[in-house]
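Hi everyone, thanks for coming.

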Amino acid sequence: MSLYTVPPNLTLSESLHTIFRHYCSSSTHTGSVSEAPFTSMDGVGFAKMCKEAPELIKYIGRTDIDLIFSKAKPRGVRKLDF
């Protein structure tokens, strides 16, 4: 089995959500009371996720990653939800 395939016991959606939660936990987290831990990703976690994608980083740079993150999240919000 390849490193980048969906595990047999998870659906594609569940696998993507697991990866999202992993990179939420790897970024700096404030741990505020109003927000459940590891449910939203900041720009640092998003950039780390993109940099660790084996094929993606060949074609895009840090500026592209920042632009994608800023377009994907709602205006005025600093984190991205799944």
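Let me begin with a question: what share of the contacts in the protein with a separation of 6 or more comes from residues 24 or more positions apart? It is 39%. Please keep in mind as we go that this is a predicted model.

Now for the overall layout. You can find three helices and two strands here. Reading from the N terminus, the order is α-β-α-α-β. The protein has 82 residues, and buried ones make up 22% of them.

Next, the aromatic rings. How many aromatic pairs does the count come to? Two aromatic pairs.

Let's take phenylalanine 20 and phenylalanine 82 to start with. Their rings sit 5.4 Å apart, centre to centre, with 55 degrees between the planes, and the pair is tilted. Why tilted? Because planes under 30 degrees apart count as stacked and those over 60 as edge-to-face, with the rest called tilted, and this pair has 55 degrees. If you trace the chain, phenylalanine 20 lies in helix H1, residues 12-26, whereas phenylalanine 82 is in the segment after strand E2, so the pair links distant parts of the chain, 62 residues apart.

Are these two partners buried or exposed? Phenylalanine 20 counts as buried, because its relative accessibility is 8%, and the cut-off for buried is under 20%. Phenylalanine 82, on the other hand, counts as exposed, because its value is 53%, and exposed means over 50%.

The other pair is phenylalanine 46 with phenylalanine 69, again tilted, at 5.5 Å centre to centre and 40 degrees between the planes. Here two helices are linked: phenylalanine 46 belongs to helix H2, residues 43-51, and phenylalanine 69 to helix H3, residues 62-72. Those partners are 23 residues apart. Phenylalanine 46 is buried, at 10% relative accessibility, and phenylalanine 69 is buried too, with a relative accessible area of 8%.

Look between H2 and H3, and you'll find glutamate 55. Glutamate 55 counts as partly exposed, because its relative accessibility is 46%, and partly exposed covers values between the buried and exposed cut-offs. The side chain of glutamate 55 also makes a polar contact of 3.4 Å with the side chain of lysine 58.

That's my tour, and I'm happy to go back to any part of it.

Definitions and conventions. Residues numbered from 1 in each chain as written. Predicted model: local features only at pLDDT ≥ 70, side-chain atom pairs only at ≥ 80, totals over all residues. Heavy atoms only, no water. Helix = DSSP H or I, 4+ residues; strand = E, 2+ residues; numbered from the N terminus. Buried < 20%, exposed > 50% of the residue type's maximum accessible area, 1.4 Å probe, protein only. Contact = heavy atoms within 4.5 Å. Phe/Tyr/Trp six-rings, centres within 6.5 Å; stacked < 30°, edge-to-face > 60°. Polar contact = N/O pair within 3.5 Å; in protein donor to acceptor, adjacent residues only side chain to side chain.
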